[in-house]
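I opened my notebook with the sequence and the model side by side. Here is what I looked up, entry by entry.

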Amino acid sequence: MMERLFDAHTHLGFIEGAYTAAVSVSNTADWPLALVLRAKGMIALSFGVHPWGADCEMPENMYELCAQADAVGEIGMDSVWCKVDMARQRAVFAAQLELAQNLRKPVVLHTKGCEPEIAEMISAYNLPFLVHWYSCETIYSSFLRKNILFSVGPDVAKNPAVQNVAKTIPLSRLMLETDGREGISWSLGLELNPEDVLRSIAQTIAGLRGISVDAVLDATYMNAAKFYNYQVTSGICD
Ligand SMILES: [Zn+2]
């Protein structure tokens with residue numbers, strides 16, 4: 001059987017065609033290219049104003065862009081790697097949560113340093129959420145609801161907080177992600193092929209849970225395909 005690999009969170013610049021990928025776009029200028037790639041059947045797409053860009057105006061056609069996307073994201077807040085005023089970040093995040101609710105779209109979350117507040121904010125919404133590369137030592141209880149999924153990032157072999165997610169969140173709610181080439185080189189200090197990185201994340205998860213790598217690859221593929229409503233030909237996504 002063909003191996004299923006799904007990168008549940010990456011950015012433009014990923015390697016086309018080697019695996020299935022969900023690409024987060026935050027810049028309207030990149031959207032036409034992203035739509036072309038999706039039309040070729042290679043990717044799922046999300047659109048959202050990243051917390052790092054929350055000090056700019058939201059695009060005027062935000063509603064239309066998110067309506068075209070498979071998910072809204074990545075959106076959220078960041079008190080660690082970002083200097084944008086927190087009140088501004090919160091307002092932009094809240095507006096996009098409302099937008100996702102109106103469109104009934106799944107949401108990809110960036111939570112760095114703001115995990116408890118985001119856990120609280122999203123508890124009012126019953127949408128599917130993907131918490132991307134969660135790396136907080138505490139997994140707050142409102143993240144444990146079953147509509148909340150987690151993607152495990154490239155540093156799982158060395159980051160205890162990421163290992164905690166990989167071990168304790170049910171397999172039915174886990175995905176794999178690279179966060180793009182920059183995510184790989186930033187976290188591992190190496191330029192690696194994303195496909196190899198996804199496989200090695202799956203191997204680490206399998207080791208931590210005492211299950212087979214195939215079980216991890218199949219489950220994470222199916223979880224990501226369902227989350228993004230990605231059309232798979234084999235009918236695994238019902
Ligand atoms: Zn990202």
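Entry: I looked up what Val72 touches. Leaving out residues up to four places away in sequence, I found Ser46, Phe47, Gly48, Cys66, Gln96, Leu99, Ala100, Lys105 and Val107. I counted two residues as in contact if their C-beta atoms, placed from the backbone, lie within 7 Å.

**Entry: ground rules.** I noted that this is a predicted model, in which local features need pLDDT of at least 70 and side-chain atom pairs count only at pLDDT 80 or more, while totals for chains, interfaces and linings use all residues. Residues are numbered from 1 along each chain as its sequence is written.

**Entry: the core.** I then turned to the largest nonpolar core, which has 66 residues. A nonpolar core is a set of buried Ala, Val, Leu, Ile, Met, Phe, Trp, Tyr and Cys residues joined through C-beta atoms within 7 Å. Buried means 20 or more other C-beta atoms within 10 Å of a residue's own, exposed means 12 or fewer, and partly exposed is in between. Val72, Val107, Leu130, Val152 and Ala224 have the most contacts inside this core. Which helix gives the most to this core? I found helix H8 (residues 213-227), with 7 residues. Helices (H or I, at least four residues) and strands (E, at least two) are DSSP runs, numbered from the N terminus. In soluble globular proteins, nonpolar side chains tend to be buried together.

**Entry: a cis bond.** I checked the peptide bond from Gly73 to Glu74. That bond is cis, with omega near 0°. Glu74 lies in strand E4 (residues 71-76).

**Entry: two positive phi values.** Arg104 is not a glycine, yet its phi is positive, near 55°. I placed Arg104 in the loop between helix H3 (86-103) and strand E5 (107-110). Is Arg104 buried or exposed? Arg104 is exposed, with 9 other C-beta atoms within 10 Å. Asp179 also has a positive phi, near 60°. I found Asp179 in the loop between strand E8 (174-176) and helix H6 (180-188). Asp179 is buried, with 24 other C-beta atoms within 10 Å.

**Entry: two helices meet.** Helix H5 (residues 160-168) and helix H7 (residues 194-209) have axes that come within 9 Å and cross at roughly 65°. So H5 is roughly perpendicular to H7 (65 to 115 degrees counts as that). From H5, I listed Gln163, Ala166 and Lys167 in the contact; from H7, Thr204, Ile205, Leu208 and Arg209.

Technical notes
Axes fitted to C-alpha atoms, helices over the stretch in contact; angles between N-to-C directions. Parallel < 35°, antiparallel > 145°, perpendicular 65-115°, else oblique.
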